[in-house]
Amino acid sequence: LTKVDGAPANLASNSWYYVYVYSNGTTTAQFQISLDPPTESAAPTVVTGYKRGQTANYRYLGCFPTDSAGNPIPMRAARGRYVYRRSACASNETRVLNTSAAAGATNLSLAALVPPHARLATLSLIVTGGDGFCGLTIYTDGDTSDATLQARAEAGITTSPVVGDVEASSAQVVDRVVTFGGTTGTAVAHVHGFYE
């Protein structure tokens with residue numbers, strides 16, 4: 001922490017933080033944890049390699065979200081790919097859907113777990129059939145012409161996780177459809193990770 005400029009004693013809850021490295025004029029590199037994103041205000045969804053308004057310094061290293069208590073949500077990052085470590089997360093911290101109701105195409109927000117500048121998310125789907133089959137289908141927002149990711153379980157069966165990449169909108173939204181062959185079942189979706 002001695003190398004973190006103005007290391008915050010407490011991080012804000014439910015926020016995205018960005019990590020930068022910069023030179024303080026000596027041979028020692030300094031780091032900064034900031035709420036300022038690596039995007040320009042005119043293009044908030046286009047990632048740059050530097051902090052907003054700091055093209056000459058503050059090189060972008062990565063990002064992380066915080067939970068409701070201001071704690072970083074555990075993840076691992078490598079070469080622009082981020083994966084949440086579910087075994088270290090609080091119960092259902094990465095869950096974005098848990099429903100027992102059938103629904104047509106409905107928006108599903110991933111924004112709490114996918115940063116504003118990311119457009120590709122990895123989801124993990126698990127469905128349980130009730131008195132008939134249960135299906136969960138994910139589509140690109142506004143385009144239900146072809147499924148991006150699908151999971152289906154017959155009556156009384158729970159699927160193993162179905163994991164795959166999906167394209168999110170600029171607001172980190174996808175569309176989801178839940179179908180039942182009977183009247184009961186459960187559809188669950190977790191954000192497994194994302195790509196910058």
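1. Read along the sequence, the protein follows the pattern β-β-β-β-β-β-β-β-β-β-β-β-β, which amounts to 13 strands and zero helices. Both kinds of element are DSSP runs numbered from the N terminus, a helix being H or I over at least four residues and a strand being E over at least two.

2. The structure is a predicted model, in which local features need a pLDDT of at least 70 and side-chain atom pairs count only at pLDDT 80 or more, while totals for chains, interfaces and linings use all residues. Residues are numbered from 1 along each chain as its sequence is written, and side-chain values use heavy atoms, with hydrogens and water left out.

3. As for overall dimensions, the C-alpha atoms of the protein fill a box of roughly 65 × 30 × 25 Å, taken along the principal axes. Of its 196 residues, 41% count as buried, where buried means under 20% relative accessible area, exposed means over 50%, and partly exposed lies in between (1.4 Å probe, protein chains only). Among the contacts in the protein with a separation of 6 or more, 67% come from residues 24 or more positions apart, a contact being heavy atoms within 4.5 Å.

4. The protein exposes about 9,700 Å², and carbon and sulfur atoms supply 50% of this area; the accessible areas come from the Shrake-Rupley method with a 1.4 Å probe.

5. How is strand β1 joined to β3 and to β2? Six bridges join β1 (residues 16–23) to β3, and six bridges join β1 to β2. Tyr-18 stands opposite Cys-63 in β3 and also opposite Ser-34 in β2, while Tyr-17 has Phe-64 in β3 as its bridge partner.

6. Asn-14, with phi near 50°, is placed in the segment before β1, and at 58% relative accessibility it counts as exposed. Tyr-58, with phi near 55°, is placed in the loop between β2 and β3, and Tyr-58 is buried, with a relative accessible area of 15%.

7. A further open sheet consists of four strands in the order β7-β12-β9-β10, and its pairing is antiparallel. Here β7 (103–109) and β10 (149–153) are the edge strands, each with a single partner strand, so one side of each is left without a neighbour in the sheet. On average, neighbouring strands of this sheet are turned by 20° against each other, direction ignored. Five bridges join β7 to β12 (residues 173–180), which run antiparallel, and Ala-103 stands opposite Val-178 in β12.

Notes. Pairing = 2+ DSSP bridges. Axes fitted to C-alpha atoms, helices over the stretch in contact; angles between N-to-C directions.
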